[in-house]
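Visitor: I would like to learn how to read a model like this one. Could we go through it feature by feature?

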Amino acid sequence: MDFTPTEEQAAARDLAARIFGDLSTPERLAAVGTGSDAETWKALCAVGLVAAVADTGLLGLVLLLEEQGRTTAQVPFAASCVYGLLAVSAHGSPEQRERLLPGIGDGTAVVCGAVFEPGGVRADAAGRLSGVVPVMPWLRDATHVLVADDGRRLWLVRTADARCAPVELTAPWAAGRLTLDGTPGEPVGGTDAYDDVLATARTAFAGLQAGVCAGSLARAVEHTNTREQFGRPLAAKQGVQLRAADAYMDTEAIRVTAYEAAWRRDEGLAYATHALTAAWWASEAGQRVVHAGQHLHGGTGADLEHPVHRHFLWGRQLDAYLGCGSEVLQELGELIASGEEET
């Protein structure tokens, strides 16, 4: 395996880092509130970073999402790329790709998804969907939704044809409640599409968690090196060093497992178990890291308006979104025991 980014992937990552760093400042994010940052989304699409994912692959997307996570930029980057660009590119018909991909790439179409817990949506023989998805991140921004029915078939639905109500989450992800009542949907892919999109989502959001953790740890390192106690920086204390070292190792574990799963998908290799491994690390280790980041800030970390608190909220939300660590671990064990590791 080789995780060295290509020139195209590295250039896209560096460009994303500059855009997120320049636009997604703590002051700007505070002003945005719980909604999405339209200007940052427009900037990302204008330079072609969303469209570029079709060429840079899942590993390229993971690199970009790391940069988003470092700043907790409030844009539907992961959702629209996973449930829109990559899903349609891999499983859409030629007609769907020609019709949908240009709009997703330039940001005029935004796709969010509900694939982690299939069963709440039913499809009849005419392709009309009924059911409720209680919470869907980025639904308030979406023009389309990729949903999985109780038979694990994927359907693309226009949000204009459904009922959407706003819902607030732990993290400010412009979420909503989706209600389908005989809503028309178009099928996406065959019977193998669900497993691939689910594994892709797990890998991508694990990459986002790696960035969230890296950002939290960077803030903790800066704080403990500048904050003094009894004439010495907090970072000089062994307990602080050990806590930061543990957080660093957890962050690296999330990163490398996400890289491996993404690399395997891009190489056409089976990666379902690797995606579950990345999701487990992102869930279990991710919440440890953001707790450590807040704890290392001492009383400052209790300030709800401090930037490190955003990392805490995002880390906990990603933990919940990817699934309880024990549940993910059980699914991983069952998949390994079954011998059916292909995606």
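Guide: Gladly, and we start with contact, which means heavy atoms within 4.5 Å. Helices (H or I, at least four residues) and strands (E, at least two) are DSSP runs, numbered from the N terminus. The model is predicted, so local features need pLDDT of at least 70 and side-chain atom pairs count only at pLDDT 80 or more, while totals for chains, interfaces and linings use all residues. Residues are numbered from 1 along each chain as its sequence is written, and side-chain values use heavy atoms, with hydrogens and water left out.

Visitor: Which residues of H5 meet which residues of H7?

Guide: On the H5 side they are Ala78, Ala79, Val82, Tyr83, Leu86, Ala87, Ala90 and His91. Their partners in H7 are Ala193, Asp196, Val197, Thr200, Ala201, Ala204 and Phe205. By class, this contact of H5 with H7 has 12 nonpolar, 2 polar and 1 charged residues. Here Ala, Val, Leu, Ile, Met, Phe, Trp, Tyr, Cys and Pro count as nonpolar, Asp, Glu, Lys and Arg as charged, and the others, Gly among them, as polar.

Visitor: At what angle do H5 and H7 pack, and how far apart are their axes?

Guide: Two packed helices are described by the angle between their axes and the distance between the axes. For H5 and H7 the angle is about 145° and the axes are 10 Å apart. Axes are lines fitted to C-alpha atoms, for helices over the stretch in contact, and angles run from 0 to 180 degrees between N-to-C directions. The crossing of H5 and H7 is right-handed. A crossing is left-handed if the near helix is turned anticlockwise from the far one by less than a right angle, and right-handed if clockwise.

Visitor: How do H7 and H8 pack?

Guide: Helix H7 (residues 193-226) and helix H8 (residues 238-266) pack at about 155°, their axes 9 Å apart. That makes H7 roughly antiparallel to H8 (angles under 35 degrees count as roughly parallel, over 145 as roughly antiparallel, 65 to 115 as roughly perpendicular and the rest as oblique). The crossing of H7 and H8 is left-handed. The residues of this contact of H7 with H8 divide into 13 nonpolar, 6 polar and 3 charged. Among them are Asp196, Ala210 and Ala214 in H7, and Arg255 and Arg265 in H8.

Visitor: Are Arg255 and Arg265 buried or exposed?

Guide: Buried means under 20% relative accessible area, exposed over 50%, partly exposed in between (1.4 Å probe, protein chains only). Arg255 has a relative accessible area of 13% and is therefore buried. Arg265, at 18% relative accessibility, also counts as buried. Leaving aside neighbours within four places in sequence, Arg255 is in contact with Glu66, Arg70, Ala210 and Ala214. With residues up to four places away not counted, Arg265 touches Leu58, Leu86, Ala90, Asp196, Thr200 and Tyr271.

Visitor: What about Ala54, buried or partly exposed?

Guide: Ala54 is found in helix H4, and a relative accessible area of 48% makes this residue partly exposed. C-alpha to C-alpha, Ala54 and Asp22 are 25 Å apart in space and 32 residues apart in sequence.

Visitor: Let us turn to the strands. What order do the strands of the open sheet have?

Guide: Strands of a sheet pair through backbone hydrogen bonds, either parallel or antiparallel. Two strands pair if DSSP finds at least two bridges between them. The open sheet has 4 strands in the order E2-E3-E7-E6, with antiparallel pairing. Strand E2 (121-123) and strand E6 (163-166) stand at the edges, each with a single partner strand, so one side of each lacks a neighbour in the sheet. The twist averages 10° from one strand to the next. E2 and E3 are joined by 3 bridges, and Val121 stands opposite Gly131 in E3.

Visitor: In what sense do E1 and E4 pair?

Guide: E1 and E4 pair in the parallel sense, over 4 bridges, with Cys112 opposite Val145 in E4. Strand E1 (residues 111-114) is covered on both faces: Val111 and Gly113 on one side, and Cys112 and Ala114 on the other, are all buried.

Visitor: Finally, the backbone. Where does Thr72 lie, and what is the phi of Thr72?

Guide: Most residues other than glycine have a negative phi, and most peptide bonds are trans. Thr72 has a positive phi, near 50°, and lies in the loop between helix H4 (49-71) and helix H5 (77-91). At 1% relative accessibility, Thr72 counts as buried. Trp138 also is not a glycine, with a positive phi of about 70°. This tryptophan, Trp138, lies in the loop between strand E3 (128-136) and strand E4 (144-148), and is buried, with a relative accessible area of 4%.
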